[in-house]
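Open the model in your viewer and keep the selection tool ready. This tour goes stop by stop.

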Amino acid sequence: MRIRANALLLLCAALTLPASAAAVPDDIRNALQSPQSLTAFIGEPLYSPAVLAKIYAARGDNPGWVSAAGPDAQVQQLLDAIRRSRDDGLQPADYHLNALNNLLDALHAPESFGALRNRQLTALDLLSSDAFLLLGEHELSGRLATPDLEPRKSVKGHPERLTKALSEVFGGADPSALLSGMAPADPMYLAMRAELARYRKLTAEPAVIEIPAGPTLHPGEQGPAIAALIARLRTFGDLAPAAAAQAHDNYDATVVAAVKQFQGRNGLVADGIVGKATRDALNMSPRQVIAALRINMERWRSLPRPLAAIRVMVN
């Protein structure tokens, strides 16, 4: 009876043991040799299995984001960076966001032990590396490949830099900081980034009446069209609420200054007169502006870095 009791205790202990650190490299090697099995397990494919196979082979197929105890802190840092990719006009869902979150939840479930836990840790490690490489590629080269404008789904433009950065993550570096350093740092790009955040906030506000079609609007005029102009300048933040209330429907000096500011921000001739180009820009909805900003940020990411000191820029 005592022998049976001891055997039963050993069996229960074995069932509740955490994942084996020695088993994960074997699982990583097997998963990279047969990526389809990993896809079947997590429901998403790896974007760069060949690149990952070389990176992991160089480190003996040892994990870089997890240990036998569970995920390292860098996994949450990576998730933070993926969520913040939206600030650059990118789409967090492109970088395994849902699958990574699902794996983290699964690792906290009571049934996560033994071979299943090893598979979960393996999937988390490989997906984290895959997401890091793809997000880095998009920050460095743009999301869309030319000339077909299809989304890039593999690492092609900067394999050496990205491999080096991933090695730094494996050494304990913050992946979020490394990815932030891959985005353009030019003042114009940063200005578009700030505008993107500002216009996203505007989408939560009530819609404002458009400036009606008609002749060019000039300083000194007043009427319903001027009132609509003032309302849109206030919505876009170029005219303070108090100044808008005071102007009411008068195209006064404060409104002229606000129009010039809006024109300057949008690459228009800052003459303080509302012609067709300015009217069309003012009548764009925040969502239309957001779409235009995302397109232009994507174009900027695809430009060579650093930009040539002598260059021609066309708005």
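**Stop 1: a threonine in a helix**

Select T122, which lies in helix α7. Helices are DSSP runs of H or I with at least four residues, strands are E runs with at least two, and both are numbered from the N terminus. This is a predicted model, where local features need pLDDT of at least 70, side-chain atom pairs count only at pLDDT 80 or more, and totals for chains, interfaces and linings use all residues. Residues are numbered from 1 along each chain as its sequence is written, and side-chain values use heavy atoms, with hydrogens and water left out.

Is T122 buried or exposed? T122 counts as buried, at 3% relative accessibility. Buried means under 20% relative accessible area, exposed means over 50%, and partly exposed lies in between, with a 1.4 Å probe and protein chains only. Now show what T122 touches: V24, D27, I28 and A31, not counting residues up to four places away in sequence. Contact here means heavy atoms within 4.5 Å.

**Stop 2: the whole chain**

Zoom out. The protein chain has 15 helices and four strands. Of its 315 residues, 41% count as buried. Take the contacts with a separation of 6 or more: 67% of them join residues 24 or more positions apart.

**Stop 3**

Two packed helices are described by the angle between their axes and the distance between the axes. Axes are lines fitted to C-alpha atoms, for helices over the stretch in contact, and angles run from 0 to 180 degrees between N-to-C directions.

Select α7 (residues 114–141) and α8 (residues 159–170): their axes come within 10 Å and cross at roughly 135°. That makes α7 oblique to α8. Angles under 35 degrees count as roughly parallel, over 145 as roughly antiparallel, 65 to 115 as roughly perpendicular, and the rest as oblique. The crossing of α7 past α8 is right-handed. A crossing is left-handed if the near helix is turned anticlockwise from the far one by less than a right angle, and right-handed if clockwise. On the α7 side, pick S129, F132, L133, G136, E137 and L140; they meet R161, L162, A165, L166, V169 and F170 in α8. The residues of this contact divide into eight nonpolar, two polar and two charged. Ala, Val, Leu, Ile, Met, Phe, Trp, Tyr, Cys and Pro count as nonpolar, Asp, Glu, Lys and Arg as charged, and the others, Gly among them, as polar.

The axes of α3 and α7 come within 11 Å and cross at roughly 105°. That makes α3 roughly perpendicular to α7. From α3, S37, L38, F41 and I42 make the contact, with L116, R119, Q120, A123, L126 and L127 from α7. By class, seven are nonpolar, two polar and one charged.

V75, L78, A81 and I82 of α5 make the contact with L124, S128, A131, F132 and L135 of α7. This contact has eight nonpolar, one polar and no charged residues.

**Stop 4: the cores**

Which residues touch the most other members of the largest nonpolar core? Select W65 and F132, in a core of 45 residues. A nonpolar core is a set of buried Ala, Val, Leu, Ile, Met, Phe, Trp, Tyr and Cys residues joined through side-chain atoms within 4.5 Å. The largest share of this core, 11 residues, comes from α7. Stay on F132: among the residues it touches are W65, L78, L162, P175 and M182. A second, separate core of 31 residues includes M192, Y199, I211 and M297.

**Stop 5**

Go to D61, in the loop between α4 and β1 (66–67). D61 is not a glycine, yet has a positive phi of about 60°. D61 is buried, with a relative accessible area of 9%.

Jump to H248, in the loop between α12 (241–247) and α13 (253–265). H248 also has a positive phi of about 60° without being a glycine. H248 is exposed, with a relative accessible area of 54%.

Finish at A281 in helix α14 (residues 276–282). A281 counts as buried, at 14% relative accessibility. A281 touches F236, F262 and L268, not counting residues up to four places away in sequence.
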